[in-house]
Amino acid sequence: MKKLFIIAILVAMTMQMKAYTPWTKGGFETGKYRNVFVEMGYQPAEVEAKLKEVFNDVFRGPNKVYFEVGDSMGYVSDIKNHDARTEGMSYGLMVAVQFGEKDIFDRLWRWSKKYMQHQSGNREGYFAWSCRTDGTRNADGAASDGELYFITALIFASNRWGDNTGINYKAEAQRILNCIQPKEYTPEPRQGGFGGFGGFGGGQQQGPQKMYLIDPETRLITFTPDGFGQRFTDPSYHIPAFYEVWAKWGDDGRSDFWLDCAQKSREFLHKCIDEKTGLNGDQCQYDGSEMQGFRFPGRPQGQQGGAPQTPPRNGNNNFRYDSWRVPMNVALDYEWSCKDGEWQRQYGEKIQNFFYSQGVDKFLDQYRKDGTLPEGNEILGAGGFRKLRHSIGLVATTAAASVMCSHEKSKEFVDALWNAKHEPFEDGYFDAYYDGLLRLFAFMHLSGNYRIINK
């Protein structure tokens, strides 16, 4: 009996050591992926069942965000905003190819190509970032992260299913890769990527311009590929390992360029993330510095009623909805490439330390980069509410960071995700879409099911 007890202790210690052992090589080199849940004591069968449950919540359950249209198409909807976005559509494609759900993938791609992708004109190859669920476009401009995911998911689909099963995935990816290269265009009246989305506005630049997804000087991804959004970037759009996928299988003659983009993106993340808290703003300049010269709609600057007013803080410099994705994105680059492993491990523990200091079960979903709380119009609203919450989407991405961490706190974040219930808040707010997708991605990361799909 004593001998069995000692063996059990040794097995538990071995599992713990394995769980907290840093990686030095990524999936591109090893082909291996960690099941952090199992390493931290969960049973393989219950992990598999939980992953399936979370997938079904998004795609098949009563609160699903995926809807089929006719015999051949489907879309992912941001339910609370009554639209389909390139963000959700491209996320859906990535999830579908990871799970081997070819029918879902093909339906989403057909809908995206028919309703969202521009087939001619200045924006040929790009995707309208928001459409009504009947396919009518709410805006023509693109949001750059959509193209990032579309390309990578299509390449993976080509690797997984080949290009002779009804859709030539590689050709579709290469078309987008070619269209996102710099090209001259003449802006249309009132043209814009988000048309004021996220609190942005501003004058329209005149005369011929260049359109590009990747800024040619810095080799960093743009916020939107248009005259306005090309002036800055979004830290949550930076997924260096995706460029390595393009370099390896894009076959577009730009492998060296994409590898350089990956390296520049890693260097950028060092600059835009706060050294003390690990937090980053929703948007920032290409050098990592904060946004300047923007204000919230409806909130005056200068004089109001004869009294001097203090210029408002720029909420886009705060850690909020877009920013949630950064811990998960850095974790993905660590898992797949591990070319910046030492910094990534330090970052993972730094951001977990910050949220741990706020309470693993209590931290809020928006902060200033210095860790203080935003006020008033700094707080970005969602679904008709302007309120700070303990959101499951951020619970998910902070847990995903555990892939990079060696400290024991990481298990508390993993347990918090496992036990979190995705259900409406007391005031009725519920986000099946963004919270649901980030929750699913986090379970994929932590179960070892977010993988590079080789040929």
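A salt bridge here is a side-chain nitrogen of Lys or Arg within 4 Å of a carboxyl oxygen of Asp or Glu. Keep that in mind for the first pair. Glu244 forms a salt bridge with Arg266, and their closest N and O atoms are 2.6 Å apart. The pair links distant parts of the chain. Glu244 sits in helix H9, Arg266 in helix H10, and 22 residues separate them. Both Glu244 and Arg266 are buried.

One caution before I go on. This is a predicted model. The chain averages a pLDDT of 90, and 87% of the residues score at least 70. Over residues 195–203 the pLDDT is below 50. That stretch has 15 contacts in the model beyond near neighbours in sequence. Residues 295–312 also have a pLDDT below 50, with 23 such contacts. Where pLDDT is low, the predicted coordinates should not be read in detail.

Back to helix H9, where Glu244 sits. How many of the ten residues of H9 are buried? Nine are, so H9 is largely enclosed by the rest of the structure. The list runs Pro240, Ala241, Phe242, Tyr243, Glu244, Val245, Trp246, Ala247 and Trp249. What do they pack against? Helices H2, H5, H7, H8, H10 and H11. For your viewer, H2 is 27–30, H5 is 86–99 and H7 is 144–161. H8 is 169–179 and H10 is 255–272. After H9 comes Asp251, with a positive phi near 50°.

That brings me to backbone angles. Most residues other than glycine have a negative phi. Arg219 has a positive phi of about 60°, and Arg219 is not a glycine. Find Arg219 in the loop between strand S7, 209–211, and helix H9, 240–249. Arg219 is partly exposed, at 27% relative accessible area. Cys338 also has a positive phi of about 60° and is not a glycine. Cys338 lies in the loop between helix H11, 325–336, and helix H12, 341–358. Is Cys338 buried or exposed? Cys338 counts as buried, at 9% relative accessibility.

More on charges. The salt bridge count comes to 29. Take Glu172 and Lys113. Their side chains meet in a salt bridge, 2.6 Å from N to O. This pair also links distant parts of the chain. Glu172 is in helix H8 and Lys113 is in helix H6, residues 102–116. They are 59 residues apart. Glu172 counts as buried, at 12% relative accessibility. Lys113 counts as partly exposed, at 29%.

Next, Arg85. Arg85 forms a salt bridge with Asp78, with the closest N and O atoms 3.6 Å apart. Arg85 is buried, with a relative accessible area of 12%. Asp78 is buried too, at 2%. Which residues are linked with them in a network of salt bridges? Lys80, Asp83 and Asp431 join Asp78 and Arg85 there.

Arg85 also takes us to a sheet. The bridge partner of Arg85 in strand S4 is Ser130. Two bridges join S3 to S4, residues 130–131, and the two strands run antiparallel. The whole sheet is open, has three strands, and is ordered S3-S4-S5 with antiparallel pairing. Why is one side of S3 and of S5 left without a neighbour in the sheet? Strand S3, 84–85, and strand S5, 137–139, stand at the edges, and each has a single partner strand.

Now cysteines. Cys284 is buried, with a relative accessible area of 5%. Cys405 counts as buried as well, at 3% relative accessibility.

Last stop, Asn280. Asn280 is found in the loop between H10 and strand S8, 302–304. Asn280 is buried, with a relative accessible area of 0%. What does Asn280 touch, leaving out residues up to four places away in sequence? The contacts are Pro235, Cys272, Ile273, Asn318, Phe319, Ser323, Val326 and Lys369.

Terms used
Residues numbered from 1 in each chain as written. Predicted model: local features only at pLDDT ≥ 70, side-chain atom pairs only at ≥ 80, totals over all residues. Heavy atoms only, no water. Pairing = 2+ DSSP bridges. Helix = DSSP H or I, 4+ residues; strand = E, 2+ residues; numbered from the N terminus. Buried < 20%, exposed > 50% of the residue type's maximum accessible area, 1.4 Å probe, protein only. Contact = heavy atoms within 4.5 Å. pLDDT = per-residue confidence, 0-100.
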